[in-house]
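Subject: Structure for your review

Dear colleague,

My notes on its aromatic residues and its surface follow.

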Amino acid sequence: MWYDEYSQYNFSQPDNNHEALHFSQLVWKASKKLGIGLAKCKDGAYIVVANFDPEGNFLGQFIKNVKDK
């Protein structure tokens, strides 16, 4: 689901991609570690949380961290 935001990411304007921040963090080159948490709610819904280390999605750093195919 997060990677599906790829189609919304504009590689020609990398600092203006508020619709694709899950995607850009997921592929952020400088992030080396990933922690995932999963919880099931009483109503059956799931909550997924991801923490990246180091964090990404910093303005001015998209060009060097989010590469096109």
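Seven aromatic pairs are present in this structure, which is a predicted model. In one of them, the rings of Tyr3 and Tyr6 have centres 6.1 Å apart and planes at 5°, so this pair is stacked. Tyr3 is partly exposed, at a relative accessible area of 43%, and Tyr6 is likewise partly exposed, at 23%.

A further pair is formed by Trp28 and Phe62: the ring centres lie 5.1 Å apart and the planes stand at 90°, so the arrangement is edge-to-face. This pair links distant parts of the chain, 34 residues apart, with Trp28 in the loop between α1 (21–27) and β1 and Phe62 in helix α2 (residues 62–65). Trp28 has a relative accessible area of 3% and is buried; Phe62 also counts as buried, at 3% relative accessibility.

Tyr3 and Tyr6 also belong to one aromatic cluster, together with Tyr9, Phe11 and Phe23.

Turning to the surface, there is a nonpolar patch made up of Leu34, Ile36, Leu38, Tyr46 and Val48, which together have about 540 Å² of accessible area. At least two residues of the patch come from each of the strands β1 (33–40) and β2 (46–53). The largest share, three residues, is supplied by β1. Ile36, which is located in strand β1, has a relative accessibility of 55%; because the cut-off for exposed residues is over 50%, Ile36 counts as exposed.

With kind regards

Note on methods. Residues are numbered from 1 along each chain as its sequence is written. This is a predicted model: local features need pLDDT of at least 70, side-chain atom pairs count only at pLDDT 80 or more; totals for chains, interfaces and linings use all residues. Side-chain values use heavy atoms; hydrogens and water are left out. Patches are made of residues with over 30% relative accessible area and no salt bridge: like charges are joined within 9 Å, nonpolar side chains (Val, Leu, Ile, Met, Phe, Trp, Tyr) within 5 Å. Accessible areas come from the Shrake-Rupley method with a 1.4 Å probe; for residues, only the protein chains shown count as cover. A salt bridge is a side-chain nitrogen of Lys or Arg within 4 Å of a carboxyl oxygen of Asp or Glu. Helices (H or I, at least four residues) and strands (E, at least two) are DSSP runs, numbered from the N terminus. Buried means under 20% relative accessible area, exposed over 50%, partly exposed in between (1.4 Å probe, protein chains only). Rings of Phe, Tyr and Trp (its six-membered ring) pair if their centres lie within 6.5 Å; planes under 30 degrees apart count as stacked, over 60 as edge-to-face and the rest as tilted.
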